[in-house]
Amino acid sequence: MTDTELKHLIKMINQISKNLARGKNKELDAARTADHLKRFWAPLMREKIVGYAASDKDKLSPVSRNAIALLQGQSE
């Protein structure tokens, strides 16, 4: 995956988590985001964002980081 593609995935996950966040319950916000990724992102996209999070989390929002952690605990 190119650097441009990874930047796009980071931007998308942060937008998704912002749009799905209700602000009252961070765990629920992360669960909503993880569910969206599970249902609508291709497995390769999820693998790439999980790989990025394992090495560098600086550009991910806190909700995005928590959603990725939830994805890692789920089976395909």
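1. Starting with the α1/α2 pair: Ile-13, Ile-16, Ser-17 and Leu-20 on the α1 side meet Asp-29, Arg-32, Thr-33, His-36 and Leu-37 on the α2 side. Bear in mind throughout that this is a predicted model. The two axes come within 9 Å and cross at roughly 130°. An angle of 65 to 115 degrees would count as roughly perpendicular and one over 145 as roughly antiparallel, so α1 and α2 are oblique to each other. As for handedness, the crossing of α1 and α2 is right-handed.

2. His-36 deserves a look of its own. This histidine sits in helix α2 and has a relative accessible area of 22%. Buried means under 20%, so His-36 goes down as partly exposed. Setting aside neighbours within four places in sequence, His-36 is in contact with Ile-16, Leu-20 and Trp-41. From His-36 to Ile-13 the C-alpha to C-alpha distance is 9.6 Å, across 23 residues of sequence.

3. Now for the core. The largest nonpolar core has 15 residues, and those touching the most other members are Ile-13, Leu-37, Trp-41, Ile-49, Leu-60 and Ile-68. At least two core residues come from each of α1 (3-20), α2 (26-40), α3 (43-55) and α4 (62-72). The largest share is that of α1, with five residues. As background, nonpolar side chains in soluble globular proteins tend to be buried together.

4. Which residues does Ile-49 touch, not counting those up to four places away in sequence? The list is Leu-9, Ile-10, Ile-13, Trp-41, Leu-60 and Ile-68. Ile-13, Trp-41, Leu-60 and Ile-68 are also among the core residues that touch the most other members, as is Ile-49. Lys-7 belongs to helix α1 and is partly exposed, at 49% relative accessible area.

5. A polar atom of the Ser-64 side chain lies 3.4 Å from the backbone oxygen of Ile-13. Leaving out residues up to four places away in sequence, Ser-64 touches Ile-13, Asn-14 and Ser-17. Ile-13 and Ser-17 turn up in the α1/α2 contact as well.

6. On to α2 and α4, whose axes come within 8 Å and cross at roughly 60°. That angle makes α2 oblique to α4. The contact draws on Asp-29, Ala-30, Ala-31, Thr-33, Ala-34, Leu-37 and Lys-38 from α2, with Val-63, Asn-66, Ala-67, Leu-70 and Leu-71 from α4. Here too the crossing is right-handed. Asp-29, Thr-33 and Leu-37 also figure in the contact with α1.

7. Last, α3 against α4. Their axes come within 10 Å and cross at roughly 115°, and the crossing is left-handed. Arg-46, Ile-49, Val-50 and Ala-53 of α3 make the contact with Ile-68, Leu-71 and Gln-72 of α4. Leu-71 is also listed in the contact between α2 and α4, while Ile-49 and Ile-68 bring us back to the core residues of point 3.

Methods. Residues numbered from 1 in each chain as written. Predicted model: local features only at pLDDT ≥ 70, side-chain atom pairs only at ≥ 80, totals over all residues. Heavy atoms only, no water. Core = buried A, V, L, I, M, F, W, Y, C linked by side-chain atoms within 4.5 Å. Buried < 20%, exposed > 50% of the residue type's maximum accessible area, 1.4 Å probe, protein only. Helix = DSSP H or I, 4+ residues; strand = E, 2+ residues; numbered from the N terminus. Contact = heavy atoms within 4.5 Å. Polar contact = N/O pair within 3.5 Å; in protein donor to acceptor, adjacent residues only side chain to side chain. Axes fitted to C-alpha atoms, helices over the stretch in contact; angles between N-to-C directions. Parallel < 35°, antiparallel > 145°, perpendicular 65-115°, else oblique. Left-handed = near helix turned anticlockwise from the far one by under 90°.
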